[in-house]
Amino acid sequence: MTTATLEFLTTLEDVIRRRANEDADHSYTASLFSAGTRRIAQKVGEEGLEVALAATAGNKDELLEESADLLYHLLVLLADSEVTLADAVAVLEARHTA
């Protein structure tokens with residue numbers, strides 16, 4: 001994974017946070033925030049299941065598509081919960097050094 005790839009995730013995270021306050025009729029991201037935490041969490045669960053099913057089916061293209069959807073919805077959920085991807089990475093780093 002390149003630095004540019006990781007930078008894209010933080011850029012996407014910024015875009016998601018900005019769209020939280022946009023018109024829900026014109027932004028899918030804003031519509032998720034408008035629907036609330038429960039709906040966002042439901043989308044994360046749905047996408048996680050779709051990732052698992054794609055992996056077990058051995059369909060790499062579908063696995064990549066569903067993984068992208070999962071990452072996006074996870075970033076929305078993190079923003080809705082007022083935490084960042086960096087916060088989650090810090091937890092992983094702490095576990096790695098333990």
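Predicted model: local features only at pLDDT ≥ 70, side-chain atom pairs only at ≥ 80, totals over all residues.
Visitor: How many helices and strands does the protein have?

Guide: Helices (H or I, at least four residues) and strands (E, at least two) are DSSP runs, numbered from the N terminus. Here there are five helices and zero strands, and the pattern read along the sequence is α-α-α-α-α. The C-alpha atoms fill a box of roughly 35 × 35 × 25 Å, taken along the principal axes.

Visitor: What percentage of the residues count as buried?

Guide: Buried means under 20% relative accessible area, exposed means over 50%, and partly exposed is in between, with a 1.4 Å probe and protein chains only. By that rule, 26% of the 98 residues of the protein count as buried.

Visitor: How are two packed helices described?

Guide: Two packed helices are described by the angle between their axes and the distance between the axes. The axes are lines fitted to C-alpha atoms, for helices over the stretch in contact, and the angles run from 0 to 180 degrees between N-to-C directions. In this model, the axes of helix H2 (residues 28–35) and helix H3 (residues 37–57) come within 5 Å and cross at roughly 120 degrees. H2 and H3 are therefore oblique to each other, given that angles under 35 degrees count as roughly parallel, over 145 as roughly antiparallel, 65 to 115 as roughly perpendicular and the rest as oblique.

Visitor: Which residues make the contact of H2 and H3?

Guide: Contact means heavy atoms within 4.5 Å. On the side of H2 the residues are Tyr28, Leu32, Phe33 and Ala35, and on the side of H3 they are Arg39, Ile40 and Lys43. They divide into five nonpolar, no polar and two charged, where Ala, Val, Leu, Ile, Met, Phe, Trp, Tyr, Cys and Pro count as nonpolar, Asp, Glu, Lys and Arg as charged, and the others, Gly among them, as polar.

Visitor: Which residues of H2 are buried?

Guide: Thr29, Ala30, Leu32 and Phe33 are the buried residues of H2. They cover an arc of only 155 degrees around the axis, and so they are on the same side of H2; the arc is that of the directions from the helix axis to the C-beta atoms. These buried residues pack against helix H1 (3–19), H3 and helix H4 (60–80).

Visitor: What can I read in the loop between H1 and H2?

Guide: Serine 27 is found in that loop, between H1 and H2, and counts as buried at 7% relative accessibility. The side chain of serine 27 reaches the backbone nitrogen of alanine 30 at 3.1 Å. Such a polar contact is a pair of N or O atoms within 3.5 Å; within protein, one must be able to donate a hydrogen and the other to accept it, and residues adjacent in sequence count only if both atoms are side-chain atoms. Aspartate 23 also has its place in the loop between H1 and H2, counts as partly exposed at 40% relative accessibility, and its side chain reaches the backbone nitrogen of aspartate 25 at 2.9 Å.

Visitor: Where is glutamate 47 found, and is it buried or exposed?

Guide: Glutamate 47 is found in helix H3 and is buried, with a relative accessible area of 5%. Leaving aside its neighbours within four places in sequence, glutamate 47 is in contact with Glu66, Asp69, Leu70 and His73.

Methods. Residues numbered from 1 in each chain as written. Heavy atoms only, no water.
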